Amino acid sequence: MESKSQLQICLSEMESLAIEAFGSKSKATAWLNKENFVLGATPISLADSDSGLLEVKKILSAISYGGVV
């Protein structure tokens, strides 16, 4: 990532996707801040890299649409 503002945009996008997947901001925030076995870290901690953000998006998409990771 290049700048703090770009990181904020990525965090905001990640939060929006999580809210869509979980149906509430509180559930989304809890998921984003909880250690994730598949990711090997908290989803929110991966937002500072393009590859991390992509992995989180894949998982949120699978949760939203019933797919596999």
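Trainee: Is Thr-42 buried or exposed in this structure?

Mentor: The model is a predicted one. In it, Thr-42 has a relative accessible area of 18%. Buried means under 20%, so Thr-42 counts as buried.

Trainee: Where does Thr-42 lie, and which residues does Thr-42 touch, not counting those up to four places away in sequence?

Mentor: Thr-42 belongs to the loop between H2 and H3. Once residues up to four places away in sequence are set aside, the residues that Thr-42 touches are Leu-32, Asn-33, Lys-34, Glu-35 and Asn-36.

Trainee: Which residues touch the most other members of the largest nonpolar core?

Mentor: This core holds 15 residues. Helix H1 (4-22), helix H2 (25-32) and helix H3 (50-65) are the elements that give two or more residues to it. The members that touch the most others are Met-14, Trp-31, Val-56 and Leu-60.

Trainee: Leaving aside neighbours within four places in sequence, with which residues is Met-14 in contact?

Mentor: Met-14 is among the core members that touch the most others. With neighbours within four places in sequence left aside, the contacts of Met-14 are Leu-32, Pro-43, Ile-44, Ala-47, Leu-53, Val-56 and Leu-60.

Trainee: At what angle do H1 and H2 pack?

Mentor: Two packed helices are described by the angle between their axes and the distance between the axes. The crossing of H1 and H2 is right-handed. Their axes are 8 Å apart, and the packing angle is about 115 degrees.

Trainee: How many nonpolar, polar and charged residues does the contact of H1 with H2 have?

Mentor: From H1, the residues Met-14, Glu-15, Ala-18, Ile-19 and Phe-22 take part. They meet Lys-25, Lys-27, Ala-28, Thr-29, Trp-31 and Leu-32 in H2. By class, this contact has seven nonpolar, one polar and three charged residues.

Trainee: Why is the pair of Phe-22 and Trp-31 described as tilted?

Mentor: The count of aromatic pairs comes to one. The ring centres of Phe-22 and Trp-31 are 5.4 Å apart and their planes stand at 40 degrees. Planes under 30 degrees apart count as stacked and those over 60 as edge-to-face, so this pair is tilted.

Terms used
Residues numbered from 1 in each chain as written. Predicted model: local features only at pLDDT ≥ 70, side-chain atom pairs only at ≥ 80, totals over all residues. Heavy atoms only, no water. Core = buried A, V, L, I, M, F, W, Y, C linked by side-chain atoms within 4.5 Å. Buried < 20%, exposed > 50% of the residue type's maximum accessible area, 1.4 Å probe, protein only. Helix = DSSP H or I, 4+ residues; strand = E, 2+ residues; numbered from the N terminus. Contact = heavy atoms within 4.5 Å. Phe/Tyr/Trp six-rings, centres within 6.5 Å; stacked < 30°, edge-to-face > 60°. Axes fitted to C-alpha atoms, helices over the stretch in contact; angles between N-to-C directions. Left-handed = near helix turned anticlockwise from the far one by under 90°. Nonpolar A, V, L, I, M, F, W, Y, C, P; charged D, E, K, R; others polar.
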